[in-house]
Every structure is written in structure tokens, then in C-alpha cells.
Amino acid sequence: MEALAPGIDPETLEVSVLNNTVRIAGEKPAIKDVKPEAFHRNERGAGKFIRTLSLPVEVDADKVKAEYKNGILLLTLPKAESAKPKQISITVN
């Protein structure tokens, strides 16, 4: 999973996984050097955010990896063993 997160301090990012739900939270600081009235248009939102996403299958929370690089948060979410197909052996009588 990739999440665009430009300008966010990686120290404020929080990722949690429960069953088949991923929660990403963080905070993007406001631009402090420029007064708000100096902007004609500002498309850079600031403040705290939380995103909760449902996945199609349950993931193994112990094996989840998160990497933040160049404004992109990359999450590796391996399927839980219970979500993987099982091979059933057939007995012949």
C-alpha cells in the first residue's frame, strides 16, 4: 500500500493494523514563515489527520513493515496464514 504524505514529519506518523483494517495517523505542520492572509490560494492542507482503510483480507500484524521516503509512506502488509488458501489432501477409499 502506498500513501502520499509529502511534507509530513515521519516522527508524527503512526500506523496500526487490526485484523483487516489499517489506520494511518499523523500531523502536517503549517507553513510558519508566511502569514495566512499573504496566500491567494493555498493547496497544502495542514493539521492532524487519520485515515482508516479496510483491506480485502486479514493481515499478519507482526510482519507489517512501514517505510517513509520522499514523501511516500510504503506499507508492506503480508496476508495472515488464516487468509491464505489451504491445500486439502484427498483420501481415496
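## The lining of the largest pocket

In this predicted model, the lining of the largest pocket divides into nine nonpolar residues, no polar ones and two charged ones. Here Ala, Val, Leu, Ile, Met, Phe, Trp, Tyr, Cys and Pro count as nonpolar, Asp, Glu, Lys and Arg as charged, and the others, Gly among them, as polar. The lining consists of Ala 3, Leu 4, Ala 5, Pro 6, Ile 8, Leu 13, Ile 24, Lys 28, Phe 49, Arg 51 and Leu 73. Two or more of the lining residues come from each of β1 (2-4), β3 (21-28) and β4 (47-54).

The volume of this largest pocket is about 180 Å³. A pocket is found on a 1 Å grid over the protein atoms alone, as an open set of points where a 1.4 Å probe fits, with protein on both sides within 12 Å along at least five of seven lines; lining residues have an atom within 4 Å of a point. Grid points are joined across faces, edges and corners, and the volume is the space filled by probe spheres set on the points.

## Ala 3

Ala 3 sits in strand β1. Not counting residues up to four places away in sequence, Ala 3 touches Ile 24, Gly 71, Ile 72 and Leu 73. Touching, or contact, means heavy atoms within 4.5 Å. Ala 30 is 27 residues from Ala 3 in sequence, and their C-alpha atoms are 20 Å apart.

## Strands and overall shape

The protein chain has six strands and zero helices. Its pattern along the sequence is β-β-β-β-β-β. Strands (E, at least two residues) and helices (H or I, at least four) are DSSP runs, numbered from the N terminus.

The radius of gyration of the chain is 20 Å, while a compact globule of 93 residues would have one near 12 Å. That radius is taken over C-alpha atoms, and the globule rule is 2.2 Å times the number of residues to the power 0.38. Along the principal axes, the C-alpha atoms fill a box of roughly 85 × 20 × 20 Å.

## The salt bridge and Lys 63

There is one salt bridge in the structure. It joins Asp 60 and Lys 63, whose closest N and O atoms are 3.9 Å apart. The term means a side-chain nitrogen of Lys or Arg within 4 Å of a carboxyl oxygen of Asp or Glu. Side chains of opposite charge can pair when their charged atoms come close.

Lys 63 lies in the loop between β4 and β5 (65-69). Leaving out residues up to four places away in sequence, Lys 63 touches Thr 76 and Pro 78.

## Leu 77

Leu 77 belongs to the segment after β6. Beyond its neighbours within four places in sequence, Leu 77 contacts Met 1, Val 17, Val 22, Leu 55, Val 59 and Val 64. His 40 is 37 residues from Leu 77 in sequence and 41 Å away in space, C-alpha to C-alpha.

## Confidence and conventions

The mean pLDDT (the predictor's confidence in each residue, from 0 to 100) of the chain is 87, and 98% of its residues reach 70 or more.

Local features need pLDDT of at least 70, side-chain atom pairs count only at pLDDT 80 or more, and totals for chains, interfaces and linings use all residues. Residues are numbered from 1 along each chain as its sequence is written, and side-chain values use heavy atoms, with hydrogens and water left out.
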